[in-house]
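Q: I would like to learn how to read the features of a structure one after another, beginning with the division of the chain. Could you take me through them?

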Amino acid sequence: MTTDTTTSPKLSTSLEQGGTRLTASAPTTAITHIGQLVTNDPSLGEGPLGLIQDAAVVFDGDRIAWVGASSKAPATDNAVDAGGRAGLPGFVDSHSHLVFAGDRTAEFNARMSGRPYSAGGIRTTVAATRAATDEALHANVARYLAEALRQGTTTQETKSGYGLTVEDEARALRIAAAHTDEVTFLGAHIVSPDYADDPAGYVDLVTGPMLDACAPHARWVDVFCEKGAFDGDQARAILTAGQAKGLVPRVHANQLGHGPGVQLAVELGAASADHCTHLTSADIDALAHSDTVATLLPGAEFSTRAEWPDARPLIDAGATVALSTDCNPGSSFTSSMPFCIALAVRDMGMTPDEAVWSATEGGARALRRTDVGRITPGARADLALLDAPSHVHLAYRPGVPLVSAVWHKGVLV
Ligand SMILES: [Zn+2]
């Protein structure tokens, strides 16, 4: 932070009273009279969510400078009265697939109408994505990020995985990286149709030339470890090759059935095991005794009428649970974190408090971030206000667009 000798004296004085001296380097903004604020910082308020009643938050540029009771808020350059609305950190959506083209309405419609449908699933999207221009893919990513932002998502991970050639995967990651810092190489989404008769050859491509082309554009490496996609040995080869290039693993694990994905994720120190719908007690135990976050993606079960993941045994065992959308055109075409919160509370054994924590701080942990997912001094100035008195309304009023204001990096969206 730069030192600015023109610092607002009022702000510095008030902040000093709170025990911290911060120098304001940009215009400061106070959001006051937040009826109930989720901070996710237990040192700031009540319970695991660190709840503060009638709260205020002060932004200094793109950072949070001060959090506390509205009555004690320091003077600032600008002020916004929240009028009693509830506030919470911007959602952290740690799992999505936004670099794609095309549409799979017919497939969804057939599935939900109980009709057989024999189109190509992921391969349909691969063909459309390969055929799309860079401009069309940029426009799609921007559109879905804007859609998510309007619903309160201020941090969004996204993946490649619909290119499946060296050039198309690298292109997807370059496009993703132009829109978000959280970019994941998923060349191992499915075996490329070009290698249908030679899956081992495809793994060699992914761990060799494709990884070389993709690693500079990504932070994470991911594998769909599932029957019909990649087995445990293939997944291990891909994840360890990614690690050797400086990428950190995350794994699509145990979505459709039991398998080695979760254990492999824990063994390799993956940031996250994603889906976790079919878990043994050994899988739950492994997650609970690791730093690997269990990321649950109920949009996928909703959109495929599949069995829900059960958060309760994971939380009770002590595992860290994140909630995310899995936004993709095939199996979960939602960008709505509030919708996922409502599903998690209704059908996955989570309390409203747990679901909101998992959609904010839980997602931040799945991305190994400490600057998002919480409202605390020093964190990024990402805040959502709800047209409701409490964060519980996200589950209590499902499908209602309650997010009424969003600040991202200190800017009102
Ligand atoms: Zn996914």
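A: The chain is divided into domain 1 (9-89 + 374-412) and domain 2 (92-366), with bounds that come from an automatic or database domain assignment. This is a predicted model, in which local features need pLDDT of at least 70 and side-chain atom pairs count only at pLDDT 80 or more, while totals for chains, interfaces and linings use all residues. Residues are numbered from 1 along each chain as its sequence is written.

Q: How many residues of domain 1 are in contact with domain 2?
A: Two residues are in contact if their C-beta atoms, placed from the backbone, lie within 7 Å. By this criterion 18 residues of domain 1 are in contact with 15 residues of domain 2. Strand 5 (86-89), helix 14 (393-396) and strand 15 (403-408) each supply at least two residues of the side of domain 1 that touches domain 2, and the largest share, 3 residues, comes from strand 15. Helices (H or I, at least four residues) and strands (E, at least two) are DSSP runs, numbered from the N terminus.

Q: In what order do the strands of the open sheet lie?
A: Strands of a sheet pair through backbone hydrogen bonds, either parallel or antiparallel. Two strands count as paired if DSSP finds at least two bridges between them. Here 8 strands form an open sheet in the order 6-7-8-9-10-11-12-13, and the pairing is parallel. Its edge strands, each pairing on one side only, are strand 6 (91-93) and strand 13 (321-323). Strand 6 pairs with strand 7 (residues 153-159) over 3 bridges, and Asp 93 has Gln 156 in strand 7 as its bridge partner.

Q: Which strands does helix 12 lie across?
A: Axes are lines fitted to C-alpha atoms, for helices over the stretch in contact, and angles run from 0 to 180 degrees between N-to-C directions. Helix 12 (residues 337-347) lies across strand 6, strand 7, strand 12 (293-296) and strand 13, running at about 130° to strand 13.

Q: What joins strand 2 to strand 3, and why is strand 3 described as largely enclosed?
A: Strand 2 (residues 52-60) and strand 3 run antiparallel, joined by 6 bridges, and Asp 60 stands opposite Arg 63 in strand 3. The two strands form a hairpin with 2 residues between them, and Gly 61 in the turn has a positive phi of about 65°. A residue is buried if 20 or more other C-beta atoms lie within 10 Å of its own, exposed if 12 or fewer, and partly exposed in between, with C-beta atoms placed from the backbone. Because 5 of the 7 residues of strand 3 (residues 63-69) are buried, strand 3 is largely enclosed by the rest of the structure.
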